[in-house]
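Dear colleague,

Please find below the structure that I am handing over to you, together with its sequence. My notes on what was found in it follow directly after.

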Amino acid sequence: MATTITTPVLSDTSDGVLTLTLNRPEQLNSLTGELLDALAAELKRAAGDDSVRAVVVTGAGRGFCAGQDLRESFDANGGLDVREHLRTRYLPVIRGMRKLEKPVIAAVNGVAAGAGMSLALATDFRIAGDTATFVQAFVKVGLVPDAGSSYFLPRLIGLGRAMEMAMLGDTIDARQALEMGLVNRVVPVADVESSAHEFAARLARGPRSIGLIKRLLHESMESDLAAQLVREEDAQAEAASSADFAEGVQAFLQKRAPEFSGH
Ligand code: LHQ
């Protein structure tokens with residue numbers, strides 16, 4: 001009998017953009033250990049691959065990601081060691097997105113629930129389809145926000161609104177998400193992947209400093225002004241010694257568009 005082996009994460013690179021597609025469409029791309037491991041491995045690979053200058057994360061089918069696969073959590077064998085699972089499966093993905101000095105864009109094509117919403121929050125930009133929805137589903141099954149949601153959500157939308165989403169577990173639509181600053185853009189759902197690709201490709205044509213800007217802005221959420229001014233000095237010294245800075249200045253003086261290499 002033939003067996004079909006399904007890849008839990010599809011990957012494709014074009015225009016300097018690596019697109020990672022969560023690929024369990026029948027289960028709304030809910031997260032198994034296998035899928036999370038594959039995602040972490042792709043992010044690790046992207047870090048060392050010069051041809052990748054931006055990453056898009058999206059979902060196959062009608063959902064973005066329905067969070068932890070609840071069947072895997074509570075199976076006949078007694079379920080998961082949650083602490084261990086978070087530490088070994090989720091943390092490498094969330095850290096992988098943050099540590100990557102390349103922009104990561106979520107193309108939210110449908111529902112983002114529980115840890116699926118955490119994945120979207122851990123990226124640097126969210127482009128949502130107009131039918132996408134967001135739900136902090138954790139509380140509905142008696143859990144707390146995890147995979148970074150308790151960190152990212154109040155920083156993105158403020159404490160009061162984060163408290164409400166996390167405790168009530170109500171679903172918000174793409175328009176509400178845009179109003180509260182949870183997403184950067186809302187586009188017709190049919191265009192979400194192409195819009196995210198275009199957005200990512202624009203960033204991928206950018207200079208080396210794009211990665212440094214990502215690092216700086218994320219660090220600023222955790223530091224005071226004095227520390228941040230020092231971090232700016234460090235990052236600017238690095239940017240100013242890049243080939244892309246030399247190209248940027250040359251292009252300005254020669255009155256032409258710069259061609260950045262990412263170095
Ligand atoms: C699913 C799932 C799913 C399996 C839809 N699992 N099959 C927790 C524990 C341990 C460690 C680490 O972290 C976490 C964090 C978490 O993420 S907890 C939160 C987990 N996620 C949820 O509680 C969301 C559960 N799903 C839903 O509430 C709904 O499915 C949403 C609102 C996402 C979508 O609703 P609908 O559009 O009405 O779709 P559906 O419910 O009919 O789902 C379609 C299929 O997908 C269905 O399968 P079936 O065989 O009946 O067609 C669902 O069972 C399956 N599915 N989410 N998380």
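I begin with a loop residue: aspartate 15 is found in the loop between strand S1 (9-14) and S2, where helices (H or I, at least four residues) and strands (E, at least two) are DSSP runs numbered from the N terminus. Please note that this is a predicted model, in which local features need pLDDT of at least 70 and side-chain atom pairs count only at pLDDT 80 or more, while totals for chains, interfaces and linings use all residues. Residues are numbered from 1 along each chain as its sequence is written, and side-chain values use heavy atoms, with hydrogens and water left out.

Backbone and loops

Aspartate 15 has a positive phi of about 55° although it is not a glycine. Most residues other than glycine have a negative phi. Because its relative accessibility is 56%, aspartate 15 counts as exposed; the classes are buried under 20% relative accessible area, exposed over 50% and partly exposed in between, with a 1.4 Å probe and protein chains only. Lysine 255, in the segment after helix H11 (243-253), also has a positive phi of about 55° without being a glycine. Lysine 255 has 77% relative accessibility and therefore counts as exposed.

Asparagine 29 sits in the loop between strand S2 (17-22) and helix H1 (33-48). With a relative accessibility of 0%, asparagine 29 counts as buried. Its side chain reaches the backbone oxygen of alanine 60 at 2.9 Å and the backbone oxygen of glycine 63 at 3.0 Å. These are polar contacts, that is, pairs of N or O atoms within 3.5 Å; within protein, one must be able to donate a hydrogen and the other to accept it, and residues adjacent in sequence count only if both atoms are side-chain atoms.

The ligand site

Which residues come nearest to the ligand? Of the 22 residues around it, they are Arg62, Ala66, Gln68, Leu70 and Asp146; a residue is near a molecule or strand if one of its heavy atoms lies within 4 Å of it. By type, the shell around the ligand divides into twelve nonpolar, five polar and five charged residues. For this count, Ala, Val, Leu, Ile, Met, Phe, Trp, Tyr, Cys and Pro are nonpolar, Asp, Glu, Lys and Arg are charged, and the others, Gly among them, are polar.

- Aspartate 146: a side-chain N or O atom is 2.7 Å from a ligand oxygen.
- Arginine 62: a polar side-chain atom lies 2.9 Å from a ligand oxygen.
- Glutamate 26: a backbone N or O atom lies 3.4 Å from a ligand oxygen.

Taken alone, the ligand exposes 1000 Å², and the protein buries 66% of that; accessible areas come from the Shrake-Rupley method with a 1.4 Å probe, and for residues only the protein chains shown count as cover. Helix H2 (70-73) and helix H3 (82-99) are the elements that give two or more residues to the shell. H3 gives the most, with three residues.

Covered and exposed parts

Helix H4 (residues 115-122) is mostly covered, as eight of its eight residues are buried. Among them are Met117, Leu119 and Leu121.

On the surface, Leu70, Phe74, Val141 and Leu143 form a nonpolar patch with about 420 Å² of accessible area together. Patches are made of residues with over 30% relative accessible area and no salt bridge; like charges are joined within 9 Å, and nonpolar side chains (Val, Leu, Ile, Met, Phe, Trp, Tyr) within 5 Å. Phenylalanine 74 lies in the loop between H2 and H3 and, at 63% relative accessibility, counts as exposed.

Salt bridges

How many salt bridges does a search of the whole structure find? The search finds twelve, a salt bridge being a side-chain nitrogen of Lys or Arg within 4 Å of a carboxyl oxygen of Asp or Glu. Arginine 45 forms one with glutamate 42, the closest N and O atoms being 2.9 Å apart. Both residues lie in helix H1, three residues apart, about one turn of the helix. Arginine 45 is partly exposed at 39% relative accessibility, whereas glutamate 42 is buried at 15%. The side chain of arginine 45 also meets that of aspartate 49 in a salt bridge (3.6 Å, N to O).

Arginine 256 forms a salt bridge with glutamate 247, with 2.8 Å between the closest N and O atoms. Finally, Glu101, Arg208, Arg215 and Glu238 are linked in a network of salt bridges.

With kind regards
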